[in-house]
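I opened a new notebook page for this structure. My plan is to look up a few places and write down what I find.

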Amino acid sequence: MLIKQHTIDGVEPQFFPEFVITGDLIEGAMPGKPGAKLMGIIDLLVVDANGVPHIYDYKASDKEPSKWVQAKEDAFQSQTGAYREMLRAWKFDVDNTKI
């Protein structure tokens, strides 16, 4: 399904499972920690023929997404937002990134 979903003009996407990404912490995000680095592991990074990254971050829970605690949802949004910004720093076109 993912191959078909991200194939463009017959060119299949590239898949990078457990993609380790690093980047600099945004200036001022952690007072007293200048030069701090971020590191994360994207569960599955798919890059289509146009070079657009698509982030798949798997979550496991015995609860339906509608029953997730807002704090967990906020943490997830923060995590994927950090991945997007690190990919931007690596010169990926993240304006059309799907998460």
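**Entry 1: a proline in a loop**

Which residues does Pro 13 touch, not counting residues up to four places away in sequence? I found Leu 2, Ile 3, His 6, Thr 7, Val 46, Val 47 and Asp 48. Contact here means heavy atoms within 4.5 Å.

A note on what I am reading: this is a predicted model, where local features need pLDDT of at least 70, side-chain atom pairs count only at pLDDT 80 or more, and totals for chains, interfaces and linings use all residues. Residues are numbered from 1 along each chain as its sequence is written, and side-chain values use heavy atoms, with hydrogens and water left out.

Next I looked up where Pro 13 sits. I found Pro 13 in the loop between α1 (2-6) and β1 (14-24). Helices (H or I, at least four residues) and strands (E, at least two) are DSSP runs, numbered from the N terminus. Pro 13 counts as buried because its relative accessibility is 10%. The cut-offs are under 20% relative accessible area for buried, over 50% for exposed, and partly exposed in between (1.4 Å probe, protein chains only).

I also checked one distance. Pro 13 and Val 47 are 34 residues apart along the chain, yet their C-alpha atoms are separated by 5.5 Å.

**Entry 2: Asp 48**

I found Asp 48 in the loop between β2 and β3 (53-56). Is Asp 48 buried or exposed? Asp 48 counts as buried, because its relative accessibility is 11%.

Its side chain has polar partners in the backbone. A polar atom of that side chain lies 2.9 Å from the backbone nitrogen of Asn 50. The backbone nitrogen of Val 52 is 3.0 Å from a polar atom of the Asp 48 side chain. Leaving aside neighbours within four places in sequence, I found Asp 48 in contact with His 6, Ile 8, Pro 13 and His 54.

**Entry 3: the strands**

I followed the strand pairing. Two strands pair if DSSP finds at least two bridges between them. β1 and β2 pair in the antiparallel sense over 10 bridges. There, Pro 17 stands opposite Leu 44 in β2. β2 and β3 are antiparallel too, with 4 bridges. In β3, Ile 55 is the bridge partner of Leu 45, and His 54 stands opposite Val 46. The hairpin of β2 and β3 has 5 residues between the strands, and Gly 51 takes a positive phi near 80° there.

**Entry 4: the salt bridge**

How many salt bridges does a search of the whole structure find? I noted 1. The term means a side-chain nitrogen of Lys or Arg within 4 Å of a carboxyl oxygen of Asp or Glu. Glu 85 and Arg 88 form it, with their closest N and O atoms 3.1 Å apart. Both lie in helix α2 (residues 70-89), 3 residues apart, about one turn of the helix. Glu 85 counts as partly exposed because its relative accessibility is 36%. Arg 88 is also partly exposed, at 35%.

Conventions:
Polar contact = N/O pair within 3.5 Å; in protein donor to acceptor, adjacent residues only side chain to side chain.
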